Amino acid sequence: MCSPGLAFAFVAALALNDARAAVYYVAPSGSDAWPGTIAQPWRTLEKAASSLAPGDTAYLRAGTYNERLIPRTSGSFGAMITFASYPGEIATIDGTGIEFSTDEGQVDLSQREFIRLSHLRVTNASGAAIYTDGGGSFVIEGCSVDTAGGSGVGIWNAHDVLVDGNEIVAVCTRGWQEHLTIANTNGFEVRNNHVHHTAPGNPGKEGICIKDGTANGSVHDNHVHDVNFNGIYVDGSFRGVSNVEVAANRVHDIRGEHAGNCISIASEAGGLNQNVRVVNNLGYDCAYSGLHVTNCCPQDAPHHPLKSIVIINNTFVHNGREPWGGGLVVENDEIEGVVVRNNLISDNYMFQLAADAGAPPARLVIDHNLIDGFRGTENEIVGADAVQAPAMLADPANGDFRLRAGSPAIDRGSAASAPNCDFAGSARPGDGDSDGVVAVDIGAYEWHTAGTKRRAVAPHR
């Protein structure tokens, strides 16, 4: 399918809410003694959180609510409980002066089921902004999160979660967890989020992190930039990770002092990281690498197993900086079944494509990549059926990585395991170049003689 990601049954339930379900209203000028109508709204989030039944919706009118939102009741299939800003307005949940740990949330859904949060702003949380430990069937959509001690969105020990179209900025000010964390969760989709900018003067953490027992989900169509450590991180940690797709994300300007990879695949504490598919991503201007298959972290565990990691049709440009870094590096001697194919790797600092001497060649397949700027550094390779030539990209300095007419990447890729669409959602393979050949192109974009869908310059959602 051209749109990566999983379709969860519970999402369909949004359209099935009982028509008899109640709608309530909350406003800073209201009173909890009132009936919660639009003319006589409640005053507090606590009143709404303790009053809503399955299928009910609470619309929060514009203004600031200086309290935590902790739903007291779960929804059910076909009857989600919804907390949303009133249409056309923004309700701000402000944690100023409210102290709690990074293992709790300003909005805390722990142990609840079938809850939707829609277009809320959450700010100044001493812990996480939006958080759960347990429960599931959550939809977190269109929310704006800034200035939190812990994660902007932290999902732990949950199931069936959709995180869609949120903006997360300047969180992790207490140096704990990641901007958007999915941990020990079965069934998830993280899509269309804008995750950016570590808080000034703060070490920060990763952008989007999938880790430690998480399985069966996708991270796609997100824009991640200007955070520290790693932009998108898939980490087996202790309990492993399995069946994850990372697709069509734009990641750039990741500039941490201790890491700085656009995308990183790891098993820090020995949990098996397996069946991870990385396709159609753009990674550029990151301090360390466009993509790092890593052996981190020897101080945490003696083994770091990675199995069935497929890296196909990505574009990595201008990554690495003094004193080290480059395009794509495999630096793990416990890999099994790693495939690196059809990637466009251009103008990176120290190397374009490198594989550590300890990485077993029989367990690593590298073919049909475009290598633009081979440096000849230690462990740098090109792989089988490589194209070594200038990439001929549209305007990489301004974030446009589409292929220009005549690019040597056109029709030079392999169809084996290639995605059937590209970063812009155009069909792969395209309609061929001037010689009439129709074959898969190299890189995140497929060439089409009639033009490619525009999604090229970084979208600020």
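Trp324 is partly exposed, with 28% relative accessible area. Partly exposed lies between buried, under 20%, and exposed, over 50%, using a 1.4 Å probe and protein chains only. Before I go on, this is a predicted model, in which local features need pLDDT of at least 70, side-chain atom pairs count only at pLDDT 80 or more, and totals for chains, interfaces and linings use all residues. Residues are numbered from 1 along each chain as its sequence is written, and side-chain values use heavy atoms, with hydrogens and water left out.

Now the aromatic rings. Rings of Phe, Tyr and Trp (its six-membered ring) pair if their centres lie within 6.5 Å; planes under 30 degrees apart are stacked, over 60 edge-to-face, and the rest tilted. The whole structure has nine aromatic pairs. In one of them, the rings of Tyr284 and Phe401 have centres 4.7 Å apart and planes at 45°, so this pair is tilted. Tyr284 is in strand β26 and Phe401 in strand β38, so the pair ties together parts 117 residues apart in sequence. Strands here are DSSP runs of E, at least two residues, numbered from the N terminus. Tyr284 is buried at 7%, and Phe401 is buried at 2%.

Which residue forms an aromatic pair with Trp324? Tyr288 does, edge-to-face, at 5.8 Å centre to centre and 75° between the planes. Tyr288 is in the loop between β26 and β27, and Trp324 in the loop between β29 and β30, 36 residues apart. Tyr288 is partly exposed, at 26% relative accessibility.

Next, the cysteines. A disulfide is a covalent bond between the sulfur atoms of two cysteines. The cut-off used is a pair of cysteine sulfur atoms within 2.5 Å, and the structure holds two disulfides. One joins Cys262 to Cys286, S to S 2.1 Å. Cys262 lies in strand β24 and Cys286 in the loop between β26 and β27, so this pair ties together parts 24 residues apart in sequence. The torsion about their S-S bond is about 105°, so the disulfide is right-handed. Both Cys262 and Cys286 are buried. The other disulfide joins Cys296 to Cys297, S to S 1.7 Å.

Cys172 is buried, at 0% relative accessibility.

Definitions and conventions
Helix = DSSP H or I, 4+ residues; strand = E, 2+ residues; numbered from the N terminus.
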